[in-house]
Amino acid sequence: VQLQASGGGLVETGGSLRLSCSASGRTFSIYAMGWFRRAPGKEREFVAAIRWSAGTTYYADSVKNRFTVSRDNARDTVYLQMNGLKPEDTAVYYCASGNRQSAFLTNYRGADAYDFWGQGTQVTVSS
């Protein structure tokens with residue numbers, strides 16, 4: 001599976017952005033897709049995830065009620081709608097796909113639950 005993330009940019013505090021992640025290749029094998037981010041000087045952290053067929057969503061507490069993850073199965077694309085952006089949301093955002101149901105359900109917040117990663121897109125929120 002190949003993943004291509006896009007949609008990052010510079011936005012003011014309180015603004016919105018929508019990230020997209022298009023999957024290609026063996027997309028039939030995808031069980032779930034997730035978004036992670038890495039801020040400068042910090043470790044990569046889980047942001048949100050969605051089960052590909054069921055549509056069940058999962059969020060980090062820090063983004064709950066501000067971010068929405070969704071997918072378009074026909075387009076093999078997952079989205080991350082980010083509203084109410086804060087300076088602390090500044091990071092490189094990565095999308096990832098996972099093929100293993102047990103790994104995902106055991107720990108969807110962990111990078112090890114995912115098998116393929118996109119290249120990342122920069123999100124910068126100015127104060």
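1. A residue is called buried here when its relative accessible area is under 20%. The model is a predicted one, and C21, at 0% relative accessibility, therefore counts as buried; C95 is likewise buried, with a relative accessible area of 0%.

2. These two cysteines form a disulfide, with an S to S distance of 2.1 Å, and a search of the whole structure finds one disulfide. The bond links distant parts of the chain, since C21 belongs to strand β3 (residues 17-24) and C95 to strand β9 (residues 91-98), 74 residues apart. The torsion about the S-S bond is about 60°, so the disulfide is right-handed.

3. R37, in strand β4 (residues 32-38), deserves a separate look: this arginine is buried, with a relative accessible area of 5%. The R37 side chain makes a polar contact with the side chain of D89 at 2.9 Å, and another with the side chain of Y93, also at 2.9 Å. Leaving aside neighbours within four places in sequence, the residues in contact with R37 include E43, R44, E45, V47 and F67, as well as E88 and A91.

4. The largest nonpolar core has 42 residues, and those with the most contacts inside it are W35, L80, M82, Y93 and Y114. Strand β5 (residues 45-51) gives the most to this core, contributing five residues.

5. For L80, if residues up to four places away in sequence are not counted, the residues touched include L17, L19, W35, V47, A48, F67, V69 and Y93, along with R18 and T68.

Key
Residues are numbered from 1 along each chain as its sequence is written. This is a predicted model: local features need pLDDT of at least 70, side-chain atom pairs count only at pLDDT 80 or more; totals for chains, interfaces and linings use all residues. Side-chain values use heavy atoms; hydrogens and water are left out. A nonpolar core is a set of buried Ala, Val, Leu, Ile, Met, Phe, Trp, Tyr and Cys residues joined through side-chain atoms within 4.5 Å. Buried means under 20% relative accessible area, exposed over 50%, partly exposed in between (1.4 Å probe, protein chains only). Helices (H or I, at least four residues) and strands (E, at least two) are DSSP runs, numbered from the N terminus. Contact means heavy atoms within 4.5 Å. A polar contact is a pair of N or O atoms within 3.5 Å; within protein, one must be able to donate a hydrogen and the other to accept it, and residues adjacent in sequence count only if both atoms are side-chain atoms. A disulfide is a pair of cysteine sulfur atoms within 2.5 Å.
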